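Q: I have a model open and want to go through its packing. Can you take me through it?

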Amino acid sequence: ILRGTGMSKNVYERMKRSLEVKLVDYRDLKKSMSNQDSYDIRPSGRTCYVLSSNERFCVVSNLCAKSDLSEFFYAGDASVKCEARNTDSKAFSDEACDNIWKMSLNETELSKPPFPILFSEINKTWFAKHLNTTQWVRGASYVQGFTSSSSNIGHFSEKIFLLQHFLAYPEEYSKRLSNVILLSPPDQVKYIANGWHEGVIKAILDPLGTNGINLTFTSSKLNFDAPGYRFIEKNYHKVTDKDFLCFEEAILAGFLKGRAFFSEARGESSLVEDVVDGLPVPWSSLNFRLKLSISNGKAISPPSKKVLLYLRKTKRRFLPDDEVRLSELLRRISHKHSFQFSVDTFSGKTFSEQVKMLEDVSVLVGMHGADQANSKFLPPLSTSIELFPFGFEHFMYINGSNSGIHYFRYSMHNGTDFQRLKNYKNRNDCLRDIRCKEFYRCDRRTVEIDDIDYKNIELLFISALQSSSKMINQLKHPHKSTTLSYFL
């Protein structure tokens with residue numbers, strides 16, 4: 001795929017290296033723990049990084065846990081450092097930094113509440129005392145937990161695509177990553193180890209199929225002596241024969257907010273985003289699309305003049321008559337602008353089938369919901385139109401979760417208000433109540449749409465087609481110096 005594009009050898013090597021997901025093996029660098037009478041503990045430290053959308057992750061030296069992962073504790077003093085990353089440099093007070101650390105622990109979801117207990121008095125003497133009862137995990141370990149919300153592919157994306165970011169920038173992160181450890185509660189394993197979740201994890205971790213990933217979350221004891229991927233079913237069983245599990249360096253990953261991709265603008269990394277007509281296209285989103293195409297055995301297609309309207313089969317459905325009317329409206333306008341038009345649903349389809357639905361679509365139209373998580377599979381510079389029920393909006397899928405997708409949105413202008421709305425200051429205040437939120441989100445009722453909505457959607461759709469036509473024509477003559485041009 002990469003060869004023969006005319007790119008420079010330097011760019012080719014960088015792109016190729018970012019696809020080869022390899023973990024660093026520290027066995028050649030250090031003697032086996034079992035052969036040591038003592039262990040030279042690295043200096044303890046905690047550093048938390050704050051990203052531009054106020055997301056967080058922390059890097060911790062000497063993070064330990066009981067072998068059943070019921071409690072985590074930090075070995076070292078109580079101080080923690082905080083740095084702003086990918087944003088304007090700023091200073092954090094000690095109190096603010098301590099709060100960032102606590103929030104990061106919650107977001108990593110290593111343990112169900114109460115969240116990890118920290119024992120600042122644990123020190124080098126403790127390690128000497130427990131040397132023979134401690135299993136060390138060497139090198140840097142990316143550690144991420146999942147909870148019940150992760151069954152929703154939208155919420156799952158916000159967590160797993162932080163791992164994709166770490167792997168997309170080898171100069172910044174992956175060159176030191178030795179382990180990837182994902183933890184799931186038993187009731188979520190059936191979601192995360194199958195279907196959409198499984199397809200994304202394998203595309204991120206093993207697109208070439210060379211690592212032989214078997215996405216099985218185990219409750220058996222594991223071997224941590226060698227680098228690798230571990231998928232752990234979090235039911236408080238012992239994951240090692242030892243009493244304690246300690247990480248030389250743990251990257252505690254939280255989740256992204258309203259985006260799956262962003263650019264790493266720091267250090268020596270040359271894999272940065274392109275900006276096309278003001279639309280950012282992060283390198284990590286192109287990197288993921290390359291992995292996805294390889295994982296699914298499909299060549300990458302640029303967007304063509306195709307429109308797909310997807311209809312939901314469960315929550316947030318239109319009435320059958322409105323489904324027909326909306327389909328015919330969009331079909332007529334599409335044909336008038338020389339676009340192909342189709343109607344389909346993601347429901348009941350395999351991960352590969354969902355990816356295939358979008359492989360060369362230039363305009364995607366559909367109702368708000370987890371199906372919109374698929375918009376990141378669209379070719380870069382495609383267009384997504386997200387529709388919302390009356391009284392409800394969300395910002396999770398703007399620009400295809402920041403995957404370089406043009407984005408339009410429309411909320412139905414009129415509808416039925418929540419019966420108890422008068423008990424709240426306003427609708428926004430009401431939406432803080434889950435009952436009110438579920439009502440306006442139309443979780444248990446159909447979406448209302450009237451003649452004014454149809455007219456507004458028509459105007460918005462025409463604008464989206466015109467924008468898409470312009471972009472498709474530009475892509476026929478791309479500027480040869482950009483990473484995006486090489487990709488396409």
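This is a predicted model: local features need pLDDT of at least 70, side-chain atom pairs count only at pLDDT 80 or more; totals for chains, interfaces and linings use all residues.

Q: How many helices and strands does the protein have?
A: There are 14 helices and 15 strands.

Q: And what share of the residues counts as buried?
A: Of the 488 residues, 55% count as buried.

Q: What about contacts, how many join residues at least 24 apart?
A: Taking contacts between residues at least 6 apart in sequence, 72% join residues at least 24 apart.

Q: Let's look at α2. How far apart are its end C-alpha atoms?
A: They are 21 Å apart. Helix α2 runs over residues 94-108, and at 1.5 Å a residue its 15 residues should span 21 Å, so the two values agree.

Q: Which of its residues are buried?
A: In α2 the buried residues are C97, I100, W101, S104, L105, E107 and T108. Viewed down the axis of α2, these buried residues fall within an arc of 165°, so they line one face of the helix.

Q: What covers the buried residues of α2?
A: The cover includes strands β1 (45-50), β2 (56-66), β4 (81-84), β5 (134-145) and β8 (244-253), along with helix α4 (153-168).

Q: What happens just after α2?
A: E109 comes there, with a positive phi of about 55°.

Q: On to the cores. Which residues touch the most other members in the largest nonpolar core?
A: That core has 67 residues, and Y142, I160, F161, V200, L205 and F377 touch the most other members. Helix α4 gives the most to this core, with 9 residues.

Q: What does Y142 touch?
A: Leaving out residues up to four places away in sequence, Y142 touches K159, L162, L163, F166, L177, N179, V180, I181, I251 and A253.

Q: What about a second core?
A: A second, separate core has 38 residues, among them L311, L329, I333 and L465.

Q: Now α8 and α13. At what angle do they pack?
A: The angle between α8 (residues 320-336) and α13 (residues 451-475) is about 35°, and their axes are 10 Å apart. The crossing of α8 past α13 is right-handed.

Q: Which residues make the contact?
A: From α8 they are D322, R325, L326, L329, L330, R332, I333 and S334. From α13 they are D451, Y454, I457, E458, F461, I462 and L465.

Q: Switching to loops. Where is L69?
A: L69 sits in the loop between β2 and β3 (72-74). Its phi is near 60°, a positive value in a residue other than glycine.

Q: Is L69 buried or exposed?
A: L69 has 4% relative accessibility, so it counts as buried.

Q: What about S338, buried or exposed?
A: S338 counts as exposed, because its relative accessibility is 55%. S338 lies in the loop between α8 and β12 (340-344), and has a positive phi of about 65° although it is not a glycine.

Q: Last one, D371. Where does it lie, and what does it touch?
A: D371 is in the loop between β13 (363-367) and β14 (383-388). Not counting residues up to four places away in sequence, D371 touches Y310, R312 and F346. D371 is buried, since the cut-off is under 20% and its relative accessible area is 15%.

Definitions and conventions:
Residues are numbered from 1 along each chain as its sequence is written. Side-chain values use heavy atoms; hydrogens and water are left out. Helices (H or I, at least four residues) and strands (E, at least two) are DSSP runs, numbered from the N terminus. The expected span of a helix is 1.5 Å times one less than its number of residues. Buried means under 20% relative accessible area, exposed over 50%, partly exposed in between (1.4 Å probe, protein chains only). The arc is that of the directions from the helix axis to the C-beta atoms. Contact means heavy atoms within 4.5 Å. A nonpolar core is a set of buried Ala, Val, Leu, Ile, Met, Phe, Trp, Tyr and Cys residues joined through side-chain atoms within 4.5 Å. Axes are lines fitted to C-alpha atoms, for helices over the stretch in contact, and angles run from 0 to 180 degrees between N-to-C directions. A crossing is left-handed if the near helix is turned anticlockwise from the far one by less than a right angle, and right-handed if clockwise.
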